[in-house]
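Work through the exercises below with the sequence and the model in view. Each task is followed by its solution in steps.

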Amino acid sequence: MSTPPSSAAPVSTDLIEIEQALTRVTYLAGRVRQHERLMAMAGLSLDRAAASILRHIAESEPLRPGVLAVQLSVEASHVSRQLRQLEKDGYVIRVPDQDDSRAHRIQLTDAGLAAVERMREASRRGMEMALADWSPEDLRKLAKLFHRLVDDFVTHAEAAVEVGPSV
């Protein structure tokens, strides 16, 4: 029995290389060892989930815990546990939701903002070390292309949601 021919167009070698490079960058950036190094440079002792939550809140605060869970694509109970610990450690507080008096939103405290800034600074120092031999022009090009990549990914993701899943 022969395999039916694929109706999809062949994928270019460049796209294959880009996908492989992005997969590798994602892996390298998400490794436990990398997180531990970042926390040591920042002088913090947060696990990866807590660090991710703090960074996300800093970019879009204040959020309801359920919205935060959806945006991070994790279970609400996981976010709730993390938020309780972050609140206990003084990084976040719960504030009343002005749209719904029964609900609350999560906001960073000054300590939470300082922690996020320390993580960002440590991350920037790591990027500086990794890209030290790149020319300013190459760095500008990379930044521009990364912004374009993110914008196109967001546009594509939103278009896919509007169309819905294919069956």
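**Exercise 1: a histidine in a helix**

H56 lies in helix α3, residues 48-60; helices (H or I, at least four residues) and strands (E, at least two) are DSSP runs, numbered from the N terminus. The model is predicted, so local features need pLDDT of at least 70 and side-chain atom pairs pLDDT 80 or more, while totals for chains, interfaces and linings use all residues. Residues are numbered from 1 along each chain as its sequence is written, and side-chain values use heavy atoms, with hydrogens and water left out.

Task: Decide whether H56 is buried or exposed, and list what H56 touches.

Solution. 
- Step 1. Take the cut-offs: buried is under 20% relative accessible area, exposed is over 50%, and partly exposed is in between (1.4 Å probe, protein chains only).
- Step 2. H56 has a relative accessible area of 19%, so H56 counts as buried.
- Step 3. Leaving out residues up to four places away in sequence, H56 touches L63, L68, Q71 and L72; a contact means heavy atoms within 4.5 Å.

**Exercise 2: a glutamine in a helix**

Task: Find the helix that holds Q82, and state which residues Q82 touches.

Solution. 
- Step 1. Q82 belongs to helix α5, residues 76-88.
- Step 2. The relative accessible area of Q82 is 13%, and therefore Q82 is buried.
- Step 3. Not counting residues up to four places away in sequence, the residues in contact with Q82 are D47, A49, A50 and I53.

**Exercise 3: the strands**

Task: Describe how β1 and β2 are joined.

Solution. 
- Step 1. Strand β1 covers residues 92-97 and strand β2 covers residues 100-108.
- Step 2. The two strands run antiparallel and are joined by six bridges; two strands pair if DSSP finds at least two bridges between them.
- Step 3. Two residues lie between β1 and β2, which form a hairpin.

**Exercise 4: the whole chain**

Solution. 
- Step 1. The C-alpha trace spans about 60 × 45 × 30 Å along its principal axes.
- Step 2. Of the 167 residues, 22% count as buried.
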